[in-house]
Amino acid sequence: MKKKSLLWLFALVLILSAFLAACGGSDDASSESGSEGDGSSEGTAEGEPQKGGTLVYGLDAPPEGLFSSAFYGIATDAEVIDLFDEALISYNENLEPEPNVASWETEDNKVFNFKFEEGVKWHNGEELTVNDWVFALETIADPDYDGPRYANVQTIEGAEAYRSGDADSISGIEVVSDYEINITFDEARVNNLTNLWAYPLPESVLGDVPVAEMSASEWVRSTPIGIGPFKVDKIVPGESVEFSKFDEYWNGEVNLDKIVLRVIDNSSVVGALQNNDIDMISLQPVSGPEVEPLENVEIVTYPGLTYYYVGFKLGKFDNESQTITEELPKYQSKELRQAMMYALNRQEWVDAFFFGYADVVNKPVPSAHWNAADDSELIQYEYDPEKSKQMLDEAGYVDTNDDGFREDPNGDEFVVKFSHYATGNPTFESRAQQIAQYFEEVGLRSEVEMVEVNLYYDMVEKDDASIETFFGGWGTGTDPDPSGLWKADQLWNYPRYNNPEADQLLDDALDIEIVGTDQEKRKELYVEWQKIVNEELPMLYIAELEEIKALNTRVGGVEYDVSGQNSPAEWFVTE
Amino acid sequence: MLKYSIRRLLGMIPMLILISIVVFSLAKLMPGDSLSGEIDPLNTSPEYIAEMREKLGYNDPLPVQYFNWITGFMQGDFGKSTRFQIPVFDLIMEKVPNTLLLGVTALVITYIMAFIMGMYSGRRPYTLGDNAIAGFNYVMLAIPSFVAAVFAIYIFAFQLNWFPFAGSVDILVEEGSFEYYVSRMHHVLLPAIVLGAMSTASYTQFLRNDIIENSRKDFVRTARAKGTPIKKIYNVHILRNSIIPLVTFLGFDFAALIGGAIITETIFTYPGIGQLFLESVTSRDYPTLMALTMLLSFLTLFGNLLADILYGVVDPRIRLD
């Protein structure tokens, strides 16, 4: 059955391309293709917002149905939740926190005082108070809680004790009044606020439900409520959701009367857009070129927070002691890694496999983050095969036995073993082959191994001996701190990069004693760190992705920036 | 007959135990589990993953895991879906009505088409019409259903606007109203036609061959000699005999009805068992995957039994004991 689904996927993509070519051909390629995403991008309809109307929102994968901020697991569910709920704190285009329902004050980054807006209503008519937030935090810290959010509550003082059952409440939470609350963290950190869980849960409906049963309850599955501009009217599991305007929304007027969310298969996305069956949807890069010629649809792109890389296994990690226990010799030469970077024609690769919806990068911090280093401060690694060859020669990687490929400095055969995950997407193998091809062009013999995706990540995580260089990707969040993916004591530092100096910089950037609350000072430290990893290249940075949205021209008021979409309250449609 | 049925049912027990072992081992042999795959560093932490593995019992020895699973299964507890976080039983029951509607509609379409084409072919074998029907049937059989589905959506939904392109119902109509049922039929028709019209080949050819065979039998010659109208001979005497073998198909269709159409349902975003099955494979949702496989295995066995019993019912010459 596994094979069947793979076959199906493969064939579907083939068919899809034929189908797309067929329906794309009938249109003149005359419309403009989207505004380029620097900073923020706006929706397409001109003029004043109009009242009323229904917007059809497309999703290309079915949601799992966990429609609660505290319990959802996948991005598809989060997209649905964003339409009817909002966080207490929002983020601006620089990913800095801004007050939404809650505003805050702190003097030492350890104790925070939050004040809530008054008169914010849940969809069931109850008023939002700080108790709903306390309820959310205690739910997540409950030992029976089965969602993945505990890391966002853990840092509150007393959360551990509450979770292990030693305390009846979280000692760091102090309710002052219905609209005011103090939260104390276990220590002062610069990112305490961005890490904190900032969604309330409606105590009025979930209060009597045992925590273990919450995620399966109807309040999460079929009648979820939030505090956003739209409320859920009806859910047809796995295929559609109907939202209508919430008249008592706290933050201004809502333009649309209704939003209808529809799940559609990837193979139908282009046709549905062309036929005005859906008004907005996220696109896969592969659909972009087919949607661009459509006259009734515009493509909007904005910077994403995902980057792709080719990693080197530089060591082995022991998860028990959380240390890197062994150093693997094969790729320890920095000159070798740099030469391999110069060998890659990353621009050509990105254009071929991401259709232009991605940018070449030289650092592991998405450019949209405030702490990203400027390109002028980093080595750019422009495609330069000659330089690559020269560097390899100098580092001792020369062809000693005239087989056309280089040997290592000891004169032994040198083969770059490159692993990539396989999911049934036929482009994965060709993109992996292309990377191997670049290495071969500078004289490094290369082998590609495609591994089934789940097994692949298992092998990468466990430092399996057959993984030497590997393809991977990371998405980073609103908190720009890369520690969790880079420090030597982290499981997800897959290259097993071990540089105490770099780790120290990351620690310093979070140390309130050193940086205080000065963002510029933090940035300096992060830039310093990026210079190190840019030069040392424990992984070859390839590209960061853009997010792509398709909007029907009748839709207006939609804005995107790196933090996501603006409030759906501002969206409108023209007839 | 009763004795026969009971004997067969008892015989299914060791078979099901064997199947359960195979299903369980295959599921566990799949690399990774519901917690592996692409990690989103925002939403989770290595500690959480390790903790969940422990909680879900993935660290127990395999025989213990099997025993826990099969004990629950025997008591009707199919476990909790790791992906949807609700009991698998509820999940399946949520999808079954959609799948049944699609399956029955498709089957009706298949039967009607096969019946008409089979009767025509059987009556006029080796004519142009017969060959055309055979050609049509085999072409349909050869076209993969996902190709047909994508083209059907493109032509009938996007170009002609006759049918909706996805979903099982229009969410804007009120549940339970007359429009609601019309909308459901409207949504199910296109996938049902794709499914139904594609699988007529076996029924048609079976019926055709049987009619040809029967038309050479003695009782037909007798009827002709008596001067019975040809039409009546075909529509009454021959047909009644030729339908009997078709009844056995019904048993096999039984499992297919619940099993759903994995590919077609997914392309039409029609939330049924087939789509659930595919999703549970890709997301390593073992409890759902194993429950569905067991369910389908059981239904196949049960369908076979049903076919054998039906055979005995419609054809008194066959005795079951």
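Predicted model: local features only at pLDDT ≥ 70, side-chain atom pairs only at ≥ 80, totals over all residues.

User: Which residues of α1(B) are called buried, and what makes a residue buried?

Analyst: The buried residues of α1(B) are S20(B), V23(B) and F24(B). The term requires 20 or more other C-beta atoms within 10 Å of the residue's own.

User: Why is Q519(A) called partly exposed?

Analyst: Q519(A) has 14 other C-beta atoms within 10 Å. Q519(A) belongs to helix α19 (residues 519–536) of chain A.

User: How do you know that the span of helix α1 (residues 2–29) of chain B agrees with its number of residues?

Analyst: The helix has 28 residues, and at 1.5 Å a residue it should span 40 Å. The expected span uses one less than the number of residues. The end C-alpha atoms of α1(B) are 40 Å apart, and therefore the two values agree.

User: Where does α1(B) bend, and by how much?

Analyst: The bend is at P14(B) and amounts to about 25 degrees.

User: What is the helix content of residues 9–27 of chain B?

Analyst: Residues 9–27 of chain B are 100% helix and 0% strand, with end C-alpha atoms 26 Å apart. An unreviewed UniProt entry lists these residues under "transmembrane region", and also lists, among others, residues 288–314 of chain B.

User: How many residues of domain 1 of chain B are in contact with domain 2 of chain B?

Analyst: The domain assignment gives domain 1 as 2–74 and domain 2 as 89–314. In domain 1 of chain B, 16 residues are in contact with 13 residues of domain 2 of chain B. α1(B) gives the most to the domain 1 side, with 10 residues. The centres of the two domains, taken over C-alpha atoms, are 32 Å apart.

User: Which residues have the most contacts inside the largest nonpolar core?

Analyst: That core has 199 residues, and those with the most contacts inside it include L137(A), I259(A) and L540(A). Strand β13 (residues 297–312) of chain A gives the most to this core, with 10 residues. I259(A) touches residues including L55(A), Y57(A) and F230(A), residues up to four places away in sequence not being counted.

Definitions and conventions:
Residues numbered from 1 in each chain as written. Chains lettered and ligands numbered in written order. Helix = DSSP H or I, 4+ residues; strand = E, 2+ residues; numbered from the N terminus. Buried ≥ 20, exposed ≤ 12 C-beta atoms within 10 Å, placed from the backbone. Bend = angle between axes of the 7 residues up to and from the residue. UniProt positions renumbered as here; feature names shortened; annotations may be inferred. Core = buried A, V, L, I, M, F, W, Y, C linked by C-beta atoms within 7 Å. Contact = placed C-beta atoms within 7 Å. Domains from an automatic or database assignment.
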